[in-house]
Amino acid sequence: MTISGLGPHGERAAPPERVSLLPDDRTAAKAAGWRVAVVLHTLESDWAKQQLAGMMGIFGDCGAAVIDVVDCAFSPDMQVAELDRLIPQRPDAIISLPVANEQVAAAHRRVSEAGIKLVLLDNAPTGLLPGKDYTALVSSDNFGLGKIAAQGLSQHIPTGAQVGVLGFAADFFATNEREIAFTKWLQVNRPDVTPRVRRFARIEDAAASTDDLLSANPDLAGLFVVWDTPALAAANRLAERAATMPMATVDLGEAAAIALAKGDSFCCIAAQQPFQQGIAAAQTVILSLLGRPVPAWIALPGIGVTRDNVVESFQTVWRLPAPREVLRLLGLSRGN
Amino acid sequence: MPLNGPDLSESSRPRGKGRPRTAETAAPSLVELLNLVRTGAANTRQELERQSEFGRAVVADRLTMLGDMGLVDESELGTATGGRAPRLVRFAARRAAILVATLDQTAIGVGVADLSGKLLTEHHEAADLTAPPADLAERLTALFRWSMERHAPQGSIWGISLSVPGAVQGATEGDFLTATPPVLPAWEGFPLVETLTRDFGVPVWMRSSVETMTMGELHAGAGIGARSMLFLKVGRRIGAGIVCDGQLYRGAHGAAGLIGSLPVTAGGRSGPLDTLAGSDMIQREGLSAAQDGRSPMLADIQRRGGEITAIEVSQAAQIGDPASVAIVTESGHLIGQVVATLANALNPELIVLSGSIVQTNDILLAALREAVYGASHPFVTRDLRIIRSQMGSSAGLVGGARVASEQLFAPGFLKEWVMQGSPIAHPAFAALHDRLSHTAGPPPPPRARVGQELTT
């Protein structure tokens, strides 16, 4: 699968195979006994849990101790405080998902300046440079995810209609790329469709933003939301207003997979591969600690998921069986 | 006019017969004081008095004017050195924003910078520069509007700076463009500059991407603090940016460093460096290696329906594909021979390589180093560092922002607008905008309000 986006500095993507570990690498890593910390935006989401699961396996294989896993609750201030708390503990590396842009840039720079290897997930604050201020960025092909969502939703949108886009107000590489790619795909392939954009600052605001969007544009024929948790909130609000419409989003969380299997609103989900991304991030940490050159941007392709392939896609993404509810809705589970 | 800053051209104070207007007398002192603050040369009233040699009353009056225009901020206190803590005078870099873009052969990048040239956000995406220019202009406009919506919703835009893949004729120092210069054959006859000027209502500057990337590397990358530096961009064309005494050397017409035209010889063939070592050569040789069986790795990419570009050849070289290593090595040696000549002439302390072929493998850098070390005087290479840029395409955006920032506040340009508090009121620009607004074109975008801080 090809990567259609460019990195935060226009980099070409390197595939995750570029950071594969050889048996010798594992042996050398075990001998070193490194200490690593992980700082995420949240630990609540399925995406975060799978990301951690991917990382922990690799760190376990390589004898690296994970000394802290921090939940920043999407708060830039908390992330700055947590990074400053971790620096004096002198971990060998930190994997961090910067929750904002300018507000958290200096704190991340302080990590590198303290001689701690810094691997970023999903977002690189403007002004931070790979090789200087951080080791590498590992993310999905977020531009590709936006395109997959647009392509999937477009099939359900009549000619000349308006489509709602619920974006994320924070200046965040991953969600910016998804929004830009979604609207670009429509502009190029469905110039008859007009996108109507609203942005929410917090997940809790997603339902209210849906109300705003719908009040300003009562004729919406479809909706794209930049990830699944706010998308589910938006879907609930649309159902309450009896305004159900075709929807597309990013991330195949458990609830989103069930909603897709139901088939009453979600028609397409562009899935990330968080388990594989966690593996790639941990391998990048190990290679950089071994002094091996790593690419500036490692990107994983997205997977287009519809009701027809939700079961196998769930298995691919989560390395787990699809939820029983999904199997039941699709008539694959014949028990209760 | 999109910006309507306070009109200070007429002082409210009474003036005597024959006395010059405040506008005529204040502008030079405003320019000098603002630039002392902007460049960080002075950041208290006392320092401003000392460095400018203006009296206390003049400095106080001008700072009040600059404060009213939103160009300086005196809200912060400095450190006391006995007695009261001095009030710090800061340049209000967030007073307005600069839109920047890089147009490359295969990608387009856009960003928003503050007035100091600091990049606040950026986005890059694949693009085809040989596509019809109207499509490109439409995409550029869409991305600029998206960026403004996200990062300058209540602010205002004071300029646009573009990086293009080629020397820009007519881009003399200090001038914003009044017409689109000939850059690429595909753009001939398309009024890109006129369209942007009319639609966004701001002056447009344009420089070659080698120039902007060199500026970016010098001010925000590996070249920080360097007095002498060579910057090399390796792509379809190969260009050099030359920094002497800490300044970009542009030459008589902004065409310095076009080393891609220099003749070289390889394998019995002679031709320009662009042709024998640029990305077209790497792609062509890679295709040939895939087809004649020399490169099973590239052949495999083709068999799976993948396209072979210079990037695939560079990545294959990095993984160790022998045919790809040979192709990229030859490119590095040829470029190195030309760079060695430049290095011997200029004796730089730093050579920085950039471009996606350089970013995706270590082979080209190694081959170039070998050629430069082999062909240079030992004094030239004794402390010479030859490295790869870490900035990628961000260098062009950062450098583009620096170009606009320096031009907006260049003394000759600044004195024409400082009394009005906005460069949009610069008489030459106002005349241009007026003229372009009367020619047919799409309706202008919604205008931003004046005097608000940018939100980021």
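Just after helix α10 of chain A, A:G291 adopts a positive phi of about 85°. The model is predicted. Helix α10 of chain A covers residues 274-289. Its 16 residues should span 22 Å at 1.5 Å a residue, and the end C-alpha atoms of α10(A) lie 22 Å apart, so expectation and model agree. Of these 16 residues, 15 are buried. The helix α10(A) is therefore largely enclosed by the rest of the structure.

Most residues other than glycine have a negative phi. A:D251 is not a glycine, yet its phi is positive, at about 95°. The residue A:D251 sits in the loop between β9 (247-250) and α9 (254-262) of chain A. A:D251 has 24 C-beta neighbours inside 10 Å. The cut-off for burial is 20 or more, so A:D251 counts as buried.

In chain B, B:D245 has a positive phi near 50° and is likewise a residue other than glycine. B:D245 lies in the loop that links β9 (238-244) to β10 (247-249) of chain B. Only 12 or fewer neighbours make a residue exposed. B:D245 has 7 other C-beta atoms within 10 Å, so B:D245 is exposed. Thus A:D251 is buried, whereas B:D245 is exposed.

Chain B is assigned three domains: domain 1 (22-93), domain 2 (94-211 + 397-437) and domain 3 (222-390). Domain 2 of chain B is written as two segments, 94-211 and 397-437. Taken over C-alpha atoms, the centres of domain 1 and domain 3 of chain B are 47 Å apart.

Terms used: Residues are numbered from 1 along each chain as its sequence is written. Chains are lettered from A and ligands numbered from 1 in the order in which they are written. This is a predicted model: local features need pLDDT of at least 70, side-chain atom pairs count only at pLDDT 80 or more; totals for chains, interfaces and linings use all residues. Domain bounds come from an automatic or database domain assignment. Helices (H or I, at least four residues) and strands (E, at least two) are DSSP runs, numbered from the N terminus. The expected span of a helix is 1.5 Å times one less than its number of residues.
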